[in-house]
Amino acid sequence: MKILIIEDEAALLSVIRDALGREGYITEIAADFDQALDKISTYEYDCILLDIMLPGGSGLELLSEIKKNKKKEAVIIISAKDSVEDKVNGLDLGADDYLAKPFHLAELNARVKSAIRRKNQNGDHKVQWRNITLDPDNRTVVVNNADLLLNRKEFDLLYYFVTNPNRLINKTSIAEYVWGDYTDQASSLDFVYSQIKNLRKKLSTAGADADILSVYGVGYKIS
Amino acid sequence: MRKRSLKNFTLRYLVLAILGVIGIWAGVFYVVIIEEVYDNIDDGLKDSKDHIIKEAASDPGILNTNAFGIAQFKITKLPGGWHETGNQIYNSKLYIPQEDDEASVRMLRTVFKKDDQFYRLEVYASTVEEDDLIENILTALVMLYIALVLSILLLNHILLKKAWKPFYRILEKLRPYKLGAAGKFECADQKIREFDDLEKDLAAMIQRNESIYTQQKQFIENAAHELQTPLAIASGKLELFMDEGSLTERQLLKIEEVSNTLNRLKRMNRSLLMLSKIENNQFRAAEKVNFNKIFNELADEYDSLIQFKAIQVQIQENGVFEFEMNRELAIVLVSNLLKNAIVHSEKDKWVEITITSGSFRIQNEGTLPLDEGFIFERFSKGKQNAHSTGLGLSICQSICNLYGNMRFRYFFKEGHCFEVAVS
């Protein structure tokens with residue numbers, strides 16, 4: 001899987017590259033508009049992470065370029081602006097997702113995986129890890145060939161873990177992911193704890209070949 | 001103090017001033033006229049005197065007129081000796097038998113000598129008509145005063161209305177003006193220099209304030225934006241670091257503390273951005289939003305949290321509340337208030353949502369009213385909530401402020417009530 005990261009901030013670029021590299025993706029980078037345009041028109045990628053504000057031009061221009069060339073890449077816009085208009089414009093132009101800075105890397109992973117999964121035309125859209133299969137479109141889970149009934153938050157949680165297997169995801173990141181985050185983080189982290197406890201119970205009862213482990217009270221990890 | 005209008009204010013002084021001027025003028029006028037009248041009468045009396053004395057020389061019978069009768073004079077023989085022969089003129093009262101009344105008269109008393117005998121001659125002229133004159137003058141003056149005041153009233157009314165029209169127009173334009181709002185203050189070409197100056201100065205002042213305001217807003221927004229990338233870098237690096245697996249528990253916990261602090265900073269920055277975007281009117285798109293639907297959807301969304309906290313949430317729908325506004329903001333508004341109520345509720349307490357056709361109210365149990373002046377202030381927060389940025393309610397207020405007829409208020413009635421109503 002090849003991912004192109006278009007981002008002018010070198011430090012952020014390296015963080016994203018590191019994070020995606022750990023997931024086994026091959027990453028390429030472009031730090032400005034021309035470089036990005038060059039790479040887009042020359043190579044094929046599975047996913048493109050696109051910053052909107054770039055030296056030399058707008059990310060949205062690049063996006064229309066990608067779409068004009070009927071490229072099949074999944075495009076995720078990464079923007080510091082988090083403005084509704086940008087989001088709407090980006091999605092209208094054919095972006096697959098929109099991620100506002102600052103984001104958790106686990107969330108980026110989840111989004112990249114979703115975007116690639118949705119673009120995957122000749123396969124099923126399900127996410128599988130060990131004997132757990134999630135169908136994000138129908139929000140159903142199959143463990144050990146049997147349906148597992150989860151409530152909405154539990155499904156979101158499991159999806160988050162499965163798209164970030166074997167990685168430590170900290171509590172705040174989990175809370176923000178399942179909670180959505182309009183303004184304040186309203187829930188206490190106890191809530192996350194109780195949700196995870198329920199999920200663990202359900203997974204082990206269903207005979208899942210996975211467990212969610214607490215890591216020193218800092219976060220959780222599925223393995 | 002009750003404020004007087006400009007018209008009444010000037011009118012009051014004008015009426016008083018005219019009263020004073022007319023009073024003084026009436027006094028002076030009266031004195032001059034009376035002087036003139038007496039002068040006239042006195043001349044007449046002197047004439048009569050000369051006439052009588054001359055007449056007495058040829059007709060001694062006249063000397064026997066010793067009482068006032070038809071003749072309006074009397075002559076008294078004086079005892080022997082020398083007498084001063086000067087004229088004395090004075091006002092007096094005299095009984096007039098014909099009229100059977102005392103009358104004011106002007107009396108001339110003199111002494112003349114005929115054949116070595118001194119006689120006193122007293123001649124009078126009635127001054128009754130002068131009283132009439134004074135009366136008439138006074139009446140005329142009062143009427144003049146009334147006429148003057150009335151005409152000034154009228155003139156004042158017309159003139160002030162005309163002259164101050166631009167002023168009132170400026171006031172009218174100024175009244176709905178709001179800093180940073182869309183309506184601009186436009187200059188009309190005024191005919192009166194002062195008003196023209198006033199309007200130009202006002203426009204210049206508004207321009208200055210607007211530009212400072214815009215700059216500051218821009219600054220806040222830019223600062224918040226610019227912070228997003230470094231925040232993303234820092235928290236990303238920490239996340240990667242925590243995931244490395246070679247860290248001890250102690251180290252991991254330390255990093256987590258830093259990460260939590262960063263997360264708070266991220267949330268605060270996001271809230272600030274949200275606030276500045278609301279205030280910069282960046283949520284323009286509007287549609288008819290059904291709040292009943294939003295409440296039900298969000299209550300569903302927060303269901304697991306509600307269950308976890310064991311709170312009773314009840315939605316009482318007495319009507320359908322629909323309002324033309326930005327959908328995203330409506331969701332932010334409701335979710336902030338709902339989260340606020342849920343977070344501040346303890347186990348086994350209730351939250352009640354009441355929706356009517358023109359308002360909705362979120363009520364949660366509480367014992368002590370909150371300080372109304374304080375809760376809407378930015379960065380204010382209760383003691384128990386370490387995760388709050390203190391911006392949630394001010395975001396709600398900013399959203400309601402965005403829509404002119406939407407009111408947001410807090411009151412305490414069997415619990416904390418936050419109400420959004422449309423007028």
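Predicted model: local features only at pLDDT ≥ 70, side-chain atom pairs only at ≥ 80, totals over all residues.
**Chain B at a glance, with a look at chain A**

Residues count from 1 along each chain as its sequence is written, while chains are lettered from A and ligands numbered from 1 in the order written.

**Overall shape of chain B**
- The radius of gyration (over C-alpha atoms) is 48 Å, whereas a compact globule of 423 residues would come out near 22 Å, going by 2.2 Å times the number of residues to the power 0.38.
- Along the principal axes, the C-alpha atoms fill a box of roughly 160 × 45 × 45 Å.

**Make-up and surface of chain B**
- You'll find 10 helices and 11 strands here, taken as DSSP runs (H or I, at least four residues; E, at least two) and numbered from the N terminus.
- Of the 423 residues, 38% are buried, meaning under 20% relative accessible area with a 1.4 Å probe, protein chains only.
- Carbon and sulfur atoms hold 55% of the accessible surface of about 25100 Å², by Shrake-Rupley with a 1.4 Å probe.

**Domains (bounds from an automatic or database assignment)**
- Chain B splits into domain 1 (6-158), domain 2 (213-279) and domain 3 (287-422).
- Domain 1 and domain 3 of chain B have C-alpha centres 92 Å apart.
- Chain A has domain 1 (2-119) and domain 2 (127-222), with C-alpha centres 26 Å apart.
- Their contact draws 10 residues from domain 1 of chain A and 16 residues from domain 2 of chain A.

How values were computed: Heavy atoms only, no water. Buried < 20%, exposed > 50% of the residue type's maximum accessible area, 1.4 Å probe, protein only. Contact = heavy atoms within 4.5 Å.
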